[in-house]
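The sequence and the model come first, and the notes follow.

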Amino acid sequence: MAKPKATKTQSTATKAPAATLFLFGAHGDLVQRLLTPALYNLTRDGLVGADLKIVGVDHNSVTDDAFRDKLANFVRAQAAKKAAKSDSQPLDEALWQKLAKRISYIEGDFLEDATYEAVAERIRESGTGNAVFYLATSPRFFSVVVERLGKSGLLKENEGSFRRVVIEKPFGHDLASARELNAQILAVMDERQIFRIDHYLGKETVQNILVSRFSNALFESFWNNHYIDHVQITAAETVGVEDRGSFYETTGALRDMVPNHLFQLLAMVAMEPPAAFGADAVRGEKAKVIGAIRPPTPAQARANSVRGQYRAGTVNGEKVPGYKSEPRVARSSTTETYVALKVMVDNWRWAGVPFYLRTGKRMSVRDTEIVIYFKPAPYAQFRNLGIDRMMPNYLVIQIQPDEGMWLAIQAKRPGPTVEMETVQLGFSYADVFEMQPSTGYETLIYDCLIGDQTLFQRADNIENGWAAVQPFLDAWAGGGTVEPYAAGKDGPTAADDLLGRDGRSWHSLA
Ligand SMILES: NC(=O)C1=CN([C@@H]2O[C@H](COP(=O)(O)OP(=O)(O)OC[C@H]3O[C@@H](n4cnc5c(N)ncnc54)[C@H](OP(=O)(O)O)[C@@H]3O)[C@@H](O)[C@H]2O)C=CC1
Ligand SMILES: O=C1O[C@H](COP(=O)(O)O)[C@@H](O)[C@H](O)[C@H]1O
């Protein structure tokens with residue numbers, strides 16, 4: 001059968017309304033590496049126009065021109081690097097100029113009133129009262145900047161205009177601090193103005209989980225504990241901590257990835273169907289399912305978690321140092337760079353179905369995937385054929401680097417005897433759709449501009465996530481065991497034992 005031809009995606013999305021987008025922390029890595037390319041891609045797709053003004057806010061001293069040049073140099077180099085590796089295009093200079101014309105800069109300290117006066121002035125000049133304040137700042141500034149925006153009257157919405165704040169991660173470092181941060185920001189603005197980002201929700205395949213589950217009646221019929229044996233969620237990275245050693249030392253893999261990204265994936269897989277594809281309904285169901293994760297006792301938390309830390313090894317053919325030799329990491333560090341957990345969701349749909357989660361740095365491959373393992377078919381009818389065991393079906397939702405999904409089924413191997421082979425029924429995004437390069441932040445920025453909060457975390461989503469990991473953090477307080485693993489391997493052997501003692505094993509990574 002001929003491979004289907006990839007088709008151009010036909011989006012019905014319309015241009016976002018006029019607004020001023022303030023990028024607090026404009027000289028930082030996030031703005032350069034992810035937000036600017038996302039704004040360029042939105043301009044390419046016609047989803048933002050000349051009436052979106054972009055204003056960088058940061059204490060580094062540069063002119064408007066120098067700021068634009070800095071961003072231009074970065075995105076140009078990034079596009080050239082990608083184009084050298086694949087068939088993607090170098091930077092379209094005319095398109096960049098269209099965007100650059102609308103970029104300007106405010107030099108100002110987040111802690112000084114003059115900065116907020118300059119921001120207010122820029123809104124007055126813009127001709128629209130609509131403004132988005134994107135806090136691409138260190139987390140220690142989240143509540144301070146929100147408070148100052150509030151005090152300056154910048155969060156007040158006049159009739160027909162909006163004021164919104166985008167808050168980056170990490171949102172708190174445990175349950176108490178997340179609650180405190182929510183209380184601080186909700187004291188000055190309404191939940192409907194707050195857009196807490198989890199960039200995993202900007203990924204196409206993550207959004208596709210809801211569409212696949214709820215628009216295909218066949219999935220719903222077996223999506224429960226009658227048919228599903230267990231679920232595995234993996235986010236494996238080949239990168240180490242790069243230059244984020246000091247951030248990572250006080251964070252670790254559990255805080256960095258689990259209450260946010262991995263729980264978002266779990267919620268997408270496990271939530272009940274929302275009554276509508278709207279922010280309240282979707283976020284309500286997500287809050288419920290994360291809230292249904294069973295809090296383990298301290299002994300259960302220790303037994304059902306594995307912490308690991310990479311040692312020197314080889315990744316993608318390159319020799320790399322161990323975590324403790326990374327810059328700004330303590331030589332005696334016990335911070336985990338890998339974590340595996342077993343959690344149970346205590347509701348009617350999932351009672352008795354373990355969810356195994358793992359994430360780590362310096363693993364063998366980059367692979368984010370969800371694997372749903374089904375219960376095996378009854379064996380009796382195959383016994384007299386000499387088949388010794390039934391292989392279960394499993395559905396792989398492949399999130400990155402490739403995007404798609406496939407189902408492992410049993411088929412008869414050709415020949416006179418009955419022999420079975422596991423084969424795949426699959427769909428790959430790249431085969432079916434012509435995908436434009438994207439960072440994942442495009443959808444999130446666009447949704448914020450049009451006021452759709454579906455893909456953003458509500459206060460209860462965040463707090464339920466932290467509540468579910470808090471027992472693990474408490475059980476590890478004072479330092480739990482950290483198992484070593486060689487860089488380039490898929491975590492410590494103790495993580496294999498976590499499943500092994502339940503008679504299961506991890507899906508092998510791509
Ligand atoms: N970078 C990434 O890939 C990702 C980042 N995030 C989150 O995004 C946020 C931003 O990250 P990132 O861009 O890496 O951070 P950076 O530290 O690179 O950027 C922050 C910027 O704010 C400036 N700044 C610091 N203090 C002040 C101040 N008092 N007044 C005005 N400007 C100030 C810094 O200037 P200077 O450094 O010169 O002091 C810097 O230019 C963080 O919350 C991070 O956790 C989330 C996901 C991915
Ligand atoms: O938020 C974070 O995510 C990245 C992984 O994101 P991905 O889109 O590349 O899967 C992770 O490297 C980083 O430590 C964490 O802070």
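Which residues of H16 are buried? The model is predicted, and in it the buried residues of H16 are Ala459, Asn461, Ile462, Glu463, Asn464, Gly465, Trp466, Ala468, Val469, Pro471, Phe472 and Trp476.

**Helix H16**

- Helix H16 covers residues 459–476, which makes 18 residues.
- A bend of about 35 degrees falls at Val469, with the proline Pro471 following within four residues.
- Val469 and Pro471 are both among the buried residues of the helix.

**Domains**

- The domain assignment gives domain 1 as residues 7–168.
- Domain 2 is assigned in two segments, 201–438 and 458–500.
- The centres of domain 1 and domain 2, taken over C-alpha atoms, are separated by 33 Å.

**Nine-stranded sheet**

- Nine strands form an open sheet with mixed pairing, in the order E17-E16-E15-E14-E8-E13-E12-E9-E19.
- Strands E17 (420–428) and E19 (483–486) are at the edges with a single partner strand each, so one side of each has no neighbour in the sheet.
- On average, neighbouring strands of this sheet are turned by 20 degrees against each other, direction ignored.
- Within the sheet, E8 (residues 228–236) pairs with E13 (residues 354–360) in the parallel sense, over six bridges.
- Gln232 is placed opposite Tyr356 of E13.
- Helix H10 (residues 252–270) lies across E8, E12 (338–344), E13 and E14 (367–374).
- The direction of H10 is at about 140 degrees to E13.

**Six-stranded sheet**

- The order E4-E3-E2-E5-E6-E7 describes an open sheet of six strands, with parallel pairing.
- Its edge strands, E4 (103–107) and E7 (194–196), each pair on one side only.
- From one strand to the next, the twist averages 20 degrees.
- E5 (residues 131–135) and E6 (residues 163–167) run parallel and are joined by five bridges.
- Ala131 has Arg163 of E6 opposite it.

Technical notes:
Residues are numbered from 1 along each chain as its sequence is written. Chains are lettered from A and ligands numbered from 1 in the order in which they are written. This is a predicted model: local features need pLDDT of at least 70, side-chain atom pairs count only at pLDDT 80 or more; totals for chains, interfaces and linings use all residues. Helices (H or I, at least four residues) and strands (E, at least two) are DSSP runs, numbered from the N terminus. The expected span of a helix is 1.5 Å times one less than its number of residues. The bend at a residue is the angle between axes fitted to the seven residues ending there and the seven starting there. A residue is buried if 20 or more other C-beta atoms lie within 10 Å of its own, exposed if 12 or fewer, and partly exposed in between; C-beta atoms are placed from the backbone. Domain bounds come from an automatic or database domain assignment. Two strands pair if DSSP finds at least two bridges between them. Axes are lines fitted to C-alpha atoms, for helices over the stretch in contact, and angles run from 0 to 180 degrees between N-to-C directions. Two residues are in contact if their C-beta atoms, placed from the backbone, lie within 7 Å.
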